[in-house]
Amino acid sequence: DLEGAETTKAGNDPGWKDEALAKGWTLLQEVRRSDDGQAPLTINLLRGLPPVRYIRIRVLHVANGDGSNSNMSELTFWRK
């Protein structure tokens, strides 16, 4: 149930992150890449996170710069 946790701002709104945090979402990681995004990338999330039910991924910028395409081929999660 996401009642009360839904964000109302558009994903590209500068206030989206603050709104999400205020509604109880936890920022797991902010990732910035300096390459073209083609190579695989492993991200380690923060330690000690509680179990989660939903994960949102917000793409802020794409390699070609026009904002028209973003692709993710695989997301894998392991809990140690």
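Trainee: Where does Ile-43 sit relative to α1?

Mentor: Ile-43 is in the segment after α1, and that helix covers 16–22. Keep in mind that this is a predicted model.

Trainee: Is Ile-43 buried, exposed or partly exposed?

Mentor: Partly exposed. Its relative accessible area is 35%, and the class runs between 20% and 50%, so Ile-43 falls in it.

Trainee: Which nonpolar surface patch includes Ile-43?

Mentor: One formed by Val-31, Leu-41, Ile-43, Leu-45, Val-52, Ile-55, Ile-57, Val-59, Met-72, Leu-75 and Phe-77. Together they have about 950 Å² of accessible area.

Trainee: What about Thr-42, buried or exposed?

Mentor: Exposed, because its relative accessibility is 69% and the cut-off is over 50%. Thr-42 also belongs to the segment after α1.

Trainee: How far apart are Thr-42 and Asn-71?

Mentor: In space, 16 Å from C-alpha to C-alpha. In sequence, 29 residues.

Trainee: What does the side chain of Thr-7 make a polar contact with?

Mentor: The side chain of Trp-16, at 3.2 Å.

Trainee: And which residues is Thr-7 in contact with, leaving aside neighbours within four places in sequence?

Mentor: Trp-16, Glu-19, Ala-20, Lys-23 and Arg-56.

Trainee: Glu-19 is on that list. Where is its place?

Mentor: In helix α1.

Trainee: Does Glu-19 count as what, buried or exposed?

Mentor: Buried. Its relative accessibility is 11%, and buried means under 20%, so Glu-19 qualifies.

Trainee: What does Glu-19 touch, not counting residues up to four places away?

Mentor: Thr-7, Thr-8 and Lys-9.

Trainee: How much of the chain do buried residues make up?

Mentor: They come to 10% of the 80 residues.

Trainee: And the accessible surface of the chain?

Mentor: About 7400 Å². Carbon and sulfur atoms hold 48% of that.

Trainee: What does the C-alpha trace span?

Mentor: About 35 × 35 × 20 Å along its principal axes.

Trainee: Last one. Of the contacts with a separation of 6 or more, what share is between residues 24 or more positions apart?

Mentor: That share is 30%.

Terms used. Residues are numbered from 1 along each chain as its sequence is written. This is a predicted model: local features need pLDDT of at least 70, side-chain atom pairs count only at pLDDT 80 or more; totals for chains, interfaces and linings use all residues. Side-chain values use heavy atoms; hydrogens and water are left out. Patches are made of residues with over 30% relative accessible area and no salt bridge: like charges are joined within 9 Å, nonpolar side chains (Val, Leu, Ile, Met, Phe, Trp, Tyr) within 5 Å. Accessible areas come from the Shrake-Rupley method with a 1.4 Å probe; for residues, only the protein chains shown count as cover. A salt bridge is a side-chain nitrogen of Lys or Arg within 4 Å of a carboxyl oxygen of Asp or Glu. Helices (H or I, at least four residues) and strands (E, at least two) are DSSP runs, numbered from the N terminus. Buried means under 20% relative accessible area, exposed over 50%, partly exposed in between (1.4 Å probe, protein chains only). A polar contact is a pair of N or O atoms within 3.5 Å; within protein, one must be able to donate a hydrogen and the other to accept it, and residues adjacent in sequence count only if both atoms are side-chain atoms. Contact means heavy atoms within 4.5 Å.
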